[in-house]
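Let's take a walk through this fold, one stop at a time. Keep the viewer open and follow along.

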Amino acid sequence: MGNRLKGARSPYLLAHAEDPVDWYPFGEEAFRKARAEDKPVFLSVGYAACHWCHVMHRESFQDPEVAALLNAHFVPVKVDREERPDVDAAYMRALVSLTGQGGWPMSLFLTPEGKPFFGGTYFPKEDRGSLPGFKRVLLAVARAWQEGRREVLEEAERLAKALWRSLTPPPGPLAADLEERALGTLSQAFDPEWGGFLPAPKFPQGPLLLYLLSRAWEGEPTARRLLPPTLRAMALGGLYDQVGGGFHRYSVDRFWRLPHFEKMLYDNALLARVYLEAYALWGEPLYLRVAQETLDWLLSMQDREGGFYTAVDAESEGEEGRYYTWTEAELKEALGEDFPLARRYFALGEDLGERSVLTAWGEGEVREALGEGLAAWRAGVRARLLAARGRRTPPALDDKVLADWSALAVRALAEGGRLLGERRYLEAARKGARFLLARMRRGGLLRHAWRRGDLGEEAFLSDQSFAALALLELYTATGEGPYLEQARLLAEEALLAFGPSEAESGLPLPAQEMDETALPAGASALAEAFWRLEALLGEGQGYRERAERILESRALLLGRYPHAFPGFLLAKRLLEAGSELAVPLPSPLAEASRRLYLPLTQLVLAPAGALPTLEGKEPGKAYPCRRGVCRRPVVEVEALLGEVQALYGGDNV
């Protein structure tokens, strides 16, 4: 028979289209039915690569008894959090306020007006330890709706008002000590033995690592202390796929050993940049290898038209991690005589019964045995393991394309092509940009989700601002003017459509990000884009003022938890200390300047006089400037970096 999800675009929703639950997509039809039948709404939010979403699906949503309870007492609504990040953000904050924690699957009970009054995450079908069974929860909530309606409605109204007050504060000035307080909090939470931030589980936090890298480039001592142990542990642990490249979503322990195995496009796009920039800063070969393997994983997620798929599932054959883990017998069969050395390299332990997550904790020991031959040996071992793994049943692929996540991949590949001189990365970035602009834009705005030719209507601030930054990186890498013009149009359209904040979403709750631990906020990315546009196009356009207004709109939230908003901290740093490196073309300095890692500097490369910031500047010279005030021009490649560093107080590397 199926339900109303049969016409969905999302693979996650389509997986529920044959459930006996009478699912509705999120929208007015579901809430109209709830009002007409005087029923609460059961809102279930998840995503295709979510392991516990699959478990709850098998245990409860495919179960006729549970479905009968849901259909009789509630209007069930199913949401793909990746397709509707606004719904996810709005209701996740409510869940955290109700229970003290969040996660997926998100299971919330709402009034017919969409205001939450009770919820949780994963519920087993029957009582299990301290977890109440889902059947018992459904009956208890249905009884409360019938017998305690007044209290339920009062709780829902109180929570909604509290969320609006806390998440939509008035704008104000930024506190002067935001970065100092953020770094102090991070320093206290730092795990000196294993890197990252306590307690477990540990997430890679790409936006935070990118901010810390910008501060480490400046020579900030806390950032320089926190980064190397964290980057090394993440790269050598089980969080990183030692065979196929790319990072899993997070580690359940403090040792980065045992991951949740789903692989997300956004994590890997951000972490490719992290390791790329860390290599540019410190020259550590491990960072280069991880950056290249992660960029190659991004290439494997690009379809023929240029879009990037969203995620790879955590489980296959009904078991989480089956595709990625190994028994000793499997390794012996795949590696033969190399197995004894590989066993030392991968530091095998029985993480999941008889199966092991491969780490590279033994790399140092094996390097002592192989010396300069380590890289070639590892490449050979990796190739054989990839071939053996390729004969397994692979995890499912979520093949929808999200504009904002794809833009993150475009930016990473464009930066990789620029800093490493790798044309294949640059060409993949060009292809991804063409797809975004040609297939996902409608009416001036990029739409959020596309799958197999079906483009959705929703558009979000993050789609426009992430794409603007990706196009600006492509402009920096290529010097091709259309990328700059399209970035400008997207940034200006974003501000017109969304204002300085996307909290006003038409939902009964504010759709404000809780933090920037996983993804940058659309607003902070827009502030960065406006700063970069001013650096390229000069003052007088109002871009700096727009960036400042965006930051001021979040001033009170930043003041409460500055360490949780690294994208805003980076935008603030750019506004306070950002610089330009103007290189009028033609110039023998062009390629050398493109290969520099300058996290707080916008490179301005164009024919002399083509941009306002290049007026009066001579080809063949490079001009380190801050807000149009320039140091002496540079004519030698060796002096480029030093002159830019002089704007920040000297030699930082």
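Where is proline 201 found? Proline 201 sits in the loop between helix 8 (178–189) and helix 9 (206–218); helices here are DSSP runs of H or I with at least four residues, strands are E runs with at least two, and both are numbered from the N terminus. Before going on, bear in mind that this is a predicted model, where local features need pLDDT of at least 70, side-chain atom pairs count only at pLDDT 80 or more, and totals for chains, interfaces and linings use all residues. Residues are numbered from 1 along each chain as its sequence is written, and side-chain values use heavy atoms, with hydrogens and water left out.

Back to that loop. Alanine 200 and proline 201 are joined by a cis peptide bond, with omega at about 5°. Another cis bond runs from leucine 585 to proline 586, with omega near 0°. Proline 586 is in the loop between strand 17 (579–585) and helix 25 (590–594).

Most residues other than glycine have a negative phi, and most peptide bonds are trans. Tryptophan 256, not a glycine, has a positive phi of about 60°. You'll find tryptophan 256 in the loop between strand 6 (250–251) and strand 7 (259–260). With a relative accessible area of 1%, tryptophan 256 is buried (buried means under 20% relative accessible area, exposed over 50%, and partly exposed in between, using a 1.4 Å probe and protein chains only). Glutamate 317 also has a positive phi, near 55°, and is found in the loop between strand 10 (315–316) and strand 11 (319–320). Glutamate 317 counts as exposed, at 55% relative accessibility.

Now for the inside. In soluble globular proteins, nonpolar side chains tend to be buried together. Here the largest nonpolar core has 199 residues, and Tyr275 and Leu385 have the most contacts inside it; such a core is a set of buried Ala, Val, Leu, Ile, Met, Phe, Trp, Tyr and Cys residues joined through side-chain atoms within 4.5 Å. Leaving aside neighbours within four places in sequence, leucine 385 is in contact (heavy atoms within 4.5 Å) with Val243, Trp326, Leu331, Ala334, Leu335, Phe346 and Leu358. There is also a second, separate core of 28 residues, which includes Leu43, Leu95, Met106 and Leu159.

For a look at helix packing, pick out helix 12 (residues 285–300) and helix 17 (residues 403–420), which pack at an angle of about 135° with their axes 10 Å apart. The axes are lines fitted to C-alpha atoms, for helices over the stretch in contact, and angles run from 0 to 180 degrees between N-to-C directions. Helix 12 and helix 17 are therefore oblique to each other. From helix 12, Leu288, Gln292, Leu295, Leu298 and Leu299 meet Ala409, Ala412, Leu413, Gly416 and Leu420 of helix 17. The residues of this contact divide into eight nonpolar, two polar and no charged.

Last stop: alanine 606, in strand 18 (residues 601–607). Alanine 606 counts as buried, at 4% relative accessibility. Apart from neighbours within four places in sequence, alanine 606 is in contact with Tyr475, Val583, Pro584, Leu585, Leu611 and Leu614.

Technical notes:
Parallel < 35°, antiparallel > 145°, perpendicular 65-115°, else oblique. Nonpolar A, V, L, I, M, F, W, Y, C, P; charged D, E, K, R; others polar.
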